[in-house]
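Hi everyone, thanks for making time this morning. Let me put the sequence and the model up on the screen, and then I'll talk you through it.

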Amino acid sequence: MELYLLIIAVIAAWYWIDSISSREQAIACGRELAERWNLQLLDETVSCSKVWFGRNSRGRMQLRRTYQFEVSARGSDRLSCELVMLGRHLQSWHIPPYLQPVPSNPLY
């Protein structure tokens, strides 16, 4: 019985540590996507909404996590976005269409 409890404790600890590092990777990917599209990532909004199994390009089973996060285009608005991580790699992402902020000093 003690052996089973020990195995469960080790698996739970591994999952917890893996989840923390995967969230950090998701924040880095979200920040990169936000910068690419001239948006501001709202860091504290990144949360894992779904965990399941998926297969990578080599056919190996890995955890597939879906993260929800929010970005802002003007500072006063929020857009709900999503990214999917397969292991430590970005598999897919979605940022909804938004209006670009108008610059305060147009060059025309």
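The largest nonpolar core has 17 residues, and Leu39, Leu41, Phe69, Val71 and Leu83 are the ones that touch the most other members. By nonpolar core I mean a set of buried Ala, Val, Leu, Ile, Met, Phe, Trp, Tyr and Cys residues joined through side-chain atoms within 4.5 Å. Helix 1, strand 1, strand 2 and strand 3 each give at least two residues to this core, and the largest share, five residues, is from helix 1. For burial, the cut-offs are under 20% relative accessible area for buried, over 50% for exposed, and partly exposed in between, with a 1.4 Å probe and protein chains only. Helices (H or I, at least four residues) and strands (E, at least two) are DSSP runs, numbered from the N terminus.

Do keep in mind that this is a predicted model: local features need pLDDT of at least 70, side-chain atom pairs count only at pLDDT 80 or more, and totals for chains, interfaces and linings use all residues. Residues are numbered from 1 along each chain as its sequence is written, and side-chain values use heavy atoms, with hydrogens and water left out. As for pLDDT, the predictor's confidence in each residue from 0 to 100, the chain has a mean of 89, and 93% of its residues reach 70 or more.

Now the helix. Helix 1 runs over residues 2-36, and its 35 residues reach 51 Å from first C-alpha to last, close to the 51 Å expected; that expectation is 1.5 Å times one less than the number of residues. Its buried residues, among them Ser22, Ile27 and Leu33, pack against strand 1 (40-55), strand 2 (61-72), strand 3 (79-86) and strand 4 (89-94). Just after the helix, Asn38 takes a positive phi of about 55 degrees.

Arg65 and Asp18 form one at 3.0 Å, N to O. That pair links distant parts of the chain, with Arg65 in strand 2 and Asp18 in helix 1, 47 residues apart, and both residues are buried. Arg88 also meets Asp18, at 2.7 Å. Arg88 lies in the loop between strand 3 and strand 4 and Asp18 in helix 1, so this pair ties together parts 70 residues apart in sequence. Then there is Asp77 with Arg74, at 3.5 Å; Asp77 is buried at 18%, while Arg74 is partly exposed at 47%. Through shared partners, Asp18, Arg65 and Arg88 join into one network.

Conventions
Contact = heavy atoms within 4.5 Å. Salt bridge = Lys/Arg side-chain N within 4 Å of Asp/Glu carboxyl O.
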